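Welcome! Below is a short tour for someone meeting this structure for the first time. Have the view open and follow along.

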Amino acid sequence: MYEKTILIKDTDTKREDLTRQAYTQILDFLRHNDQHSRIQVVRVADIGLYDKGLVIKILPEQITYANVKEDDLKRIADAISFNKGRVEDLVYKPKSKQERLVLKNCGRIDPESIDDYIACGGYLGLKQAIELKEDKVIEEIKTSGIRGRGGAGYPTWMKWNFAREVASDQKFVICNADEGDPGAYMDRSILEGDPHAVLEGLIIAAFAVGASKGYFYVRAEYPLAVERINKAIKQAYDCGLLGQNILGSSFGLDLEIRLGAGAFVCGEETALISSIEGKRGTPHPRPPYPSVKGLWGKPTVINNVETLANIPQILLKGGAWFAKIGTATSKGTKVFAVTGKVKNSGLVEIAMGATLREIVMDICGGTLTGKPIKAVQTGGPSGGVIPEHLLDTPVDYENLQKLGSIMGSGGMIVMDDDDCMVDIPKFYLGFCVEESCGKCSPCRIGGFQMLGYLKKITEGAGNINDIAQLKRISYAMQKASLCGLGQTASNPVLSTLKYFEKEYIEHIENKHCPAGKCSHLVTYSVIEEKCKRCGLCFTNCPVSAITGDKEKGYSVIQEKCIKCGKCFEVCKFRAINKK
Amino acid sequence: MIKSIQAKINGILLRVEEGTTILEAARRVQIKIPTLCKHPDLPASAACGICIVKNKGSSKMLRSCCTPLEEGMDITTHDPEIVEIRRTVIELILSNHPNDCLKCARNNDCELQKLTADFGIKEESFPQFLKDLPMDQSTKAVDLDPKKCILCGRCVHVCQENQDVWALSFLERGIKTRISPAGDIQLADSPCVKCGQCAAHCPTGAFVEQDDTVKVWRALQDVDKYCVVQIAPAVRVSIGEAFGYTGKNFTKKLYALLRRLGFQAVFDTSFGADVTIMEEASEFEQRLLKETRPLPLITSCCPSWVDFMEKFYTDMIDHFSSCKSPHEILGVLSKTYYAQKNKIDPASIFMASVMPCTSKKYEISRNEEMFSSGYQDIDAVLCTRELVRMIKQAGIDFENLPDEESDSILGEYAGAGVIFGATGGVMEAAIRTAHYFITGKELKKVEFEGVRGIKGVKETEVDVAGKKIKIAVAHGLGNVEYILNKVRDAKINNKEMPYHFIEVMACPGGCVGGGGQPYMVTDELRIKRAQAIYQDDSNKQIRCSHQNPYIKRLYKEFLGKPLGEKSEELLHTHYKARPIYTR
Amino acid sequence: MVRLTPESLDKISKEPCDKPANWIKVGMSSCGIAAGADEVFNFLSEEVKKRNLNVEVKKCGCQGNCYAEPLVEVSIEGLPSVTYGRVNRDIANKIIEKHVIGKMLVNDCIYNTVD
C-alpha cells in the first residue's frame with residue numbers, strides 16, 4: 001500500500017500544460033531515490049485551485065503547494081520522501097471553502113435508502129424536536145436566524161410562530177418544490193440527493209406548528225425528484241416516522257405529493273395554495289397571510305426545500321451553532337447553482353458572507369471562454385446583474401438588494417463579453433411574460449409592453465424615449481403588481497440599465513450590439529487571413545449577399561445582408577467575423 | 001364585540017371597526033380612492049392595481065380594496081408618485097383596449113371611460129395592441145366582446161360563486177388570458193342561463209345586453225304595425241336611477257312616456273302576474289287537496305330559473321308550475337283577448353316589453369308554446385337600460401311628464417301583481433289568493449314578512465285553515481342547491497317533504513336586481529327598489545289578484561276558469577330535460 | 001422495515017456511518033443521468049460481479065461538480081478516497097483494473113479528493 005500520494009495539476013491556462021513534465025520529474029526523483037513503491041504520483045484533471053500555476057497536493061497530510069516552479073519540484077519531492085516537513089514558502093492555504101451542510105449527504109448516501117440516512121444521523125433532529133416540545137423548537141429556529149431560502153428571505157421562525165398561535169382545528173405544512181427560476185436546480189439536487197433531509201425538516205415544521213397534514217408541491221418537470229420523495233415518504237410511513245404516534249409521541253402527520261402543471265407563478269405561496277385547492281393558479285391579496293389563513297382557509301406554513309433541509313441539523317446541533325455561520329443578518333450557508341460562462345458549473349454551498357469573486361473565481365474556476373467576466377446575474381428572473389467591479393461584495397440578502405439584485409433561490413449565471421446586456425433582460429422578461437398568470441393589469445400588460453420595447457431595441461428600431469418608457473412601466477409594475485412575479489419582473493431591466501446603460505444607447509443610437517448577440521445588429525464580414533476560399537458561405541447565403549470567387553476570395557455585401565448568421569454557422573475555419 | 005382601531009388617512013385621524021378595508025375607511029372621511037375592478041356588490045379581486053395607497057414606513061404599496069386598515073397605519077391615498085403609477089396602469093389597460101368609445105354601447109356609461117376622463121389622460125403613450133378574439137352573440141340575450149374585456153373578474157365571480165352556473169371562466173394565461181365558457185365553447189352551448197348578471201356587473205362594453213332598440217324603433221315607425229307594450233314591476237322603481245332618483249316609483253310617468261314614444265296601448269306585466277296567480281294558486285290548491293301532482297310546487301315565472309332547472313335539476317320537472325310567466329301571459333292575451341275585443345288583426349300587433357331582465361329576450365322564443373296566439377306572442381324585449389337610452393334618443397323630459405293611466409283591460413293590477421318584482425313577492429301574492437281558493441275566506445292581513453327581505457334563503461310557514469304550509473324562497477341561483485338538496489334528500493329517504501311551495505328567482509334580490517337593471521347595484525339599492533314596490537302594493541285598494549275586477553272580467557269573457565281548456569291552450573307550457581353536466 | 005423508536009434511532013446513530021470499507025459511489029441525480037451515469041453504474045456493477053470483487057457499488061446524489069458528470073467516487077482500503085469525473089466506459093474500466101484491482105490511482109481523471 002502507498003503511504004503517501006502526490007497529486008499534480010498545472011492550473012495556469014495561459015501557457016503550455018506542464019502537468020506531465022512535473023509528473024515525470026517527480027516520478028524520476030522517487031524512482032531514483034527508491035521511494036516509488038511507497039509514494040504514489042498521480043496527474044489529476046482538477047485540483048480545486050485555479051490560476052495558481054503548478055499545484056501539488058500531498059495526501060494524507062492535506063498539504064497544498066501552489067505556483068510551484070520547475071526548480072521547486074526537487075525540494076518538494078525531497079521533503080516528502082524523507083519526512084522533512086513542509087516547504088513553507090510554497091504552502092497555499094485556500095481561503096474560503098465550501099461548507100456542505102445542507103448538501104452534507106448529497107453524493108455520500110444512497111438517496112433511496114432510509115437506512116443510509118439514519119446511519120448518518122438521520123431523524124435525530126426530529127427526535128430532539130419532540131423531546132424539546134413545540135415552543136422550544138421555535139426558539140431554536142429563532143436563535144438560528146434562518147431565513148427562507150426560496151428567495152424572499154423571511155425569518156422562518158416568524159412564519160412558524162404565526163401559524164402556531166392561531167387556534168384552528170386543522171393546520172397544514174407545505175414544502176414548496178416548484179423551483180422555477182431558469183438555471184436554478186438546487187432544490188432538485190437536494191430532493192434527488194437527500195430527500196429524507198427535506199422530509200425530516202417538514203415533519204419537524206408540522207410538529208412545531210401543530211399541523212396534521214402536509215403536502216409536497218413538486219413541479220411535474222422533476223420526475224426523478226418525485227420518484228425519490230415518493231419512495232422516501234413510503235419508507236418513512238413504514239418506519240413509523242409518518243402516520244400516527246411518531247416516535248412514540250402523540251404527534252401524527254400525513255403527507256401527500258401534489259404535482260405542478262407547468263406554471264412558474266405557482267411557486268408563489270397564494271397561487272400554490274390555489275393550485276392545491278384545484279383552482280386556477282393565481283395569487284391572492286395578502287393579508288390574510290397563509291400562516292393565518294392559507295390552504296382551505298386554515299393556517300398553513302409553506303417552506304422552501306433548502307430551508308427545510310437545514311432544519312434537522314439546527315435541531316440537532318442547536319440554533320446557536322447555525323447562527324455562528326454567515327453574516328449578522330444572513331445566517332447559515334446558501335446553495336448556489338453557478339452556471340454560464342464559468343469553468344466549473346455546478347452547485348456550490350458556502351457560508352453567507354463569501355464574496356461573489358470567491359465563488360466564481362476560486363471555487364468555480366473563473367471564466368470558461370478565456371474572455372473576461374462582464375457580470376454575474378443572481379436571483380433568476382427577479383434578480384439583477386452584478387458587474388465585474390462589484391464582485392467583491394459579500395453575498396447576503398441585504399447587500400445584493402442594495403446593488404439592485406436579489407439573492408433569490410440561488411441561481412447565479414456568469415456572463416462574459418459575448419453576453420448582451422439588453423438581450424439578457426429580454427430573455428428574463430420574456431420568461432415572466434410567458435409565465436404571468438394574467439390576473440393583474442400591471443404585470444399582464446406592463447410586462448408585455450416592456451418586452452415590446454426591448455424587442456424593438458434589439459432589432460434596431462429603438463429610440464431614446466424607449467428607456468424612459470421602460471423605467472416608467474417598471475416602476476408601475478413594482479408598486480402595483482399583485483404578486484412577486486410582477487413586482488420583480490422588471491429587475492433585470494432596471495439592473496442592466498443601472499450598470500450598462502451604454503449598451504442600450506449603443507443599440508438605440510448606433511444600431512449596434514457590442515456583444516455580437518442581437519442578430520439584427522451585428523455585422524458579418526469575412527476575415528481575409530482566415531478565409532480558405534472554400535465558397536461554403538457563398539453557396540449557403542439565402543439572399544446571395546456574398547460576392548467573390550475561389551481565386552479572389554469572398555466578401556459580404558452589407559446592404560443585402562439580412563443578418564441570418566448562416567455564413568457564420570457553416571464556415572469551418574471561423575473566418576466570418578460577427579460583431 | 002368587534003374591536004375598533006384607530007389610524008390616519010391623509011392626515012385625518014379616524015376610528016373604524018377592525019376588518020374595515022382602507023377603501024371603505026377612506027369613504028367615511030370623504031376620500032374617494034379610484035378603483036376599477038372593485039364593484040361594491042362583490043368581494044375584491046385585487047386585479048387592476050389602481051386602488052393602491054402608501055403606508056408610512058413601508059416601500060410597498062397596498063391595495064386599498066382588500067387590505068384591512070390596521071391600528072397605527074398612516075395612509076396616503078393621493079400624492080404625485082401614486083397618481084403617476086395609477087395613470088401608467090390605466091394607460092397600460094387602454095393600450096390593450098379598443099378605442100371605439102363613440103360606437104360602443106357603454107359610451108358615457110363606462111367605468112373605464114370615466115376613470116380615463118377623471119385622470120385627464122389625453123395621449124396613447126404605449127403602442128396599441130388589440131386582442132384578436134371574436135364576439136359571442138350566440139345567446140341572443142347577452143353579447144360578449146372579449147376585445148373590450150379588462151379581465152376584472154367580476155363576471156366570473158358572479159357566474160361561478162353567486163349564480164353557481166359556471167358558464168364563464170378564465171382561459172389561458174398571461175397576455176392571452178380571456179373569459180369564455182370552459183372548453184372554449186359558445187355561450188349558447190354552455191350552462192349559461194342568460195340571467196345577465198355578468199352584463200349588470202361588467203365595467204366596460206365586454207358584456208352587453210343584446211340591443212333590441214332598433215327593432216322597436218322600426219316597429220314604432222311602421223304604420224302597418226299596431227304597437228303595444230308592457231312594463232314589468234321592477235322597472236318602475238329603478239328607471240329613476242338614470243335620472244338621479246333612487247327608490248322612486250315612476251309608474252304613471254312610464255305609461256305617459258310609452259305613449260309619447262308611439263305605443264298605441266300601454267299594458268302592465270303586473271296584470272299578467274295577477275293572471276299567473278289565478279292559475280298557479282289553483283294549481284297549488286289542486287296539488288294540495290286533490291294530490292293530482294306532487295308537492296312541492298315550484299314557481300316558473302323566471303326563465304333563467306327554468307333554464308337552470310332543465311339543465312341541472314331535471315328531476316324537479318314534475319314539481320314545476322306549468323304556468324307561463326306573467327310576461328308571456330300578457331303577450332298571448334294581447335294578441336288574442338285584446339285583439340278580439342278591439343277588433344284588431346293580431347298579425348299587425350307588435351308587442352314589446354320592458355323588463356329588468358336579459359333572460360326574457362331568450363324566453364320569447366324558448367319553444368313553440370311561446371307562439372300560442374298563432375304569432376310570436378312577444379316580438380321584442382327591452383331591458384331597463386335600453387329604455388333609458390330610448391328616452392334620451394326621443395328627447396323626452398321623462399321626470400317631468402304628467403301622470404297617465406295604463407290601458408286597464410290588460411293594465412290595471414292588484415297589489416299582489418306588482419310585488420312579483422321583489423324576491424318573495426310571487427309567494428306572497430300566491431298565498432293571498434290560494435288562501436281564498438282553499439278556505440273560501442279572505443285574509444285579514446295580506447303582508448307576509450317571512451318571505452320578504454334579501455336573505456338568500458327564506459324558510460317560513462303559513463297557516464291555511466289550520467294546516468301549516470311550509471314555504472321556501474330563494475334568490476340568486478347559488479341558493480338553490482340548499483333547498484333542492486333538502487327536497488332530494490326527502491325523496492330518497494321517503495321522508496316528509498320539507499316544503500309545500502318554493503319560489504326561486506335567479507337574480508339576487510329578485511327581479512329588482514335583474515341583469516338588465518341600471519348599473520352599480522348593491523344590496524342597499526335592491527332593498528330600496530323592493531321597498532318602493534311594497535309601497536305600491538300598500539297604496540293599492542285591491543291587494544289580491546282574485547279581487548281584481550279586470551281579472552274577473554277576463555275569466556268571465558274569455559278564459560272561463562283557471563286551469564280550464566282556454567288557459568291550458570294559451571297560458572301553460574311544458575318543460576324538457578336538457579341535462580348538461582351532472583350535479 | 002421496523003417501526004422506529006427514540007431508543008432504536010439512538011442506537012443506530014452510534015454505529016459508524018460510512019461502511020463498508022470498499023465502495024464505489026456513482027452520482028445518479030438528473031445531472032449525472034443526463035451525462036450517462038446510468039451506463040457507468042451498470043457497467044461498474046456488472047464488472048464487480050463478474051470479477052468477484054469485494055466492492056459495493058452504490059448510487060448517490062449530486063456532489064456539486066455538475067460540470068464534470070458522470071462522477072464516480074472510489075474508496076478502496078489503503079488508498080485515498082478520490083472522485084473521478086467525466087467517467088465513460090473506458091475510464092470506468094480503468095477504475096476497475098488500475099484502482100480497484102491494481103491499487104493505483106488512475107491518471108488525468110481525478111476531479112476531487114475526499115477530505
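Is A:Lys511 buried, partly exposed or exposed? With a relative accessible area of 37%, A:Lys511 is partly exposed, because the values for that class run between 20% and 50%. Please keep in mind throughout that this is a predicted model.

## Around A:Lys511

To find A:Lys511, look in chain A at the loop between helix H19 (491-509) and strand S14 (524-526). Leaving aside residues up to four places away in sequence, A:Lys511 touches A:Gly460, A:Gly462, A:Glu506 and A:Leu521. One of these neighbours has a polar atom close by: the backbone oxygen of A:Gly462 is 3.3 Å from a polar atom of the A:Lys511 side chain.

## Cysteines without disulfides

How many disulfides does the structure hold? Over all chains, the number is zero. A:Cys518 has its nearest cysteine sulfur, that of A:Cys420, 3.7 Å away, and is in no disulfide. A:Cys518 is also buried, at 4% relative accessibility.

## Where the two chains meet

Now turn to the interface. Here 38 residues of chain B are in contact with 31 residues of chain A. Together the two chains bury about 2,800 Å², with 56% of that on carbon and sulfur atoms. Three residues, B:Leu92, B:Arg173 and B:Ile175, supply 22% of the area that chain B buries against chain A, more than any other three residues.

Between the chains there are 19 residue pairs in polar contact, counting pairs with both residues at pLDDT 80 or more. On the chain B side, strand S4 (61-63), helix H2 (80-95) and strand S7 (169-171) each give two or more residues. Which element gives the most? That is H2(B), with ten residues.

Three salt bridges cross between chain B and chain A. In a salt bridge between B:Glu84 and A:Arg472, the side chains meet at 3.1 Å, N to O.

## Salt bridges within the chains

Side chains of opposite charge can pair when their charged atoms come close. The whole structure has 92 salt bridges over all chains. One of them joins A:Arg164 to A:Asp135, with the closest N and O atoms 3.0 Å apart. A:Arg164 is in helix H6 and A:Asp135 in helix H5 of chain A, so this pair ties together parts that are 29 residues apart in sequence. A:Arg164 is partly exposed at 27%, whereas A:Asp135 is exposed at 53% relative accessibility.

In chain B, B:Glu496 and B:Lys470 form a salt bridge at 3.0 Å, N to O. B:Glu496 sits in the loop between helix H16 (480-492) and strand S17 (501-505), while B:Lys470 is in strand S16, 26 residues apart. B:Arg553 and B:Glu557 also form a salt bridge, at 3.6 Å, N to O. Both lie in helix H18, four residues apart, about one turn of the helix. Finally, a network of salt bridges links B:Lys194, B:Asp307, B:Glu310, B:Lys311, B:Arg366 and B:Arg578.

Conventions
Residues numbered from 1 in each chain as written. Chains lettered and ligands numbered in written order. Predicted model: local features only at pLDDT ≥ 70, side-chain atom pairs only at ≥ 80, totals over all residues. Heavy atoms only, no water. Buried < 20%, exposed > 50% of the residue type's maximum accessible area, 1.4 Å probe, protein only. Contact = heavy atoms within 4.5 Å. Polar contact = N/O pair within 3.5 Å; in protein donor to acceptor, adjacent residues only side chain to side chain. Disulfide = S-S within 2.5 Å. Buried area = accessible area lost by both parts, 1.4 Å probe. Salt bridge = Lys/Arg side-chain N within 4 Å of Asp/Glu carboxyl O.
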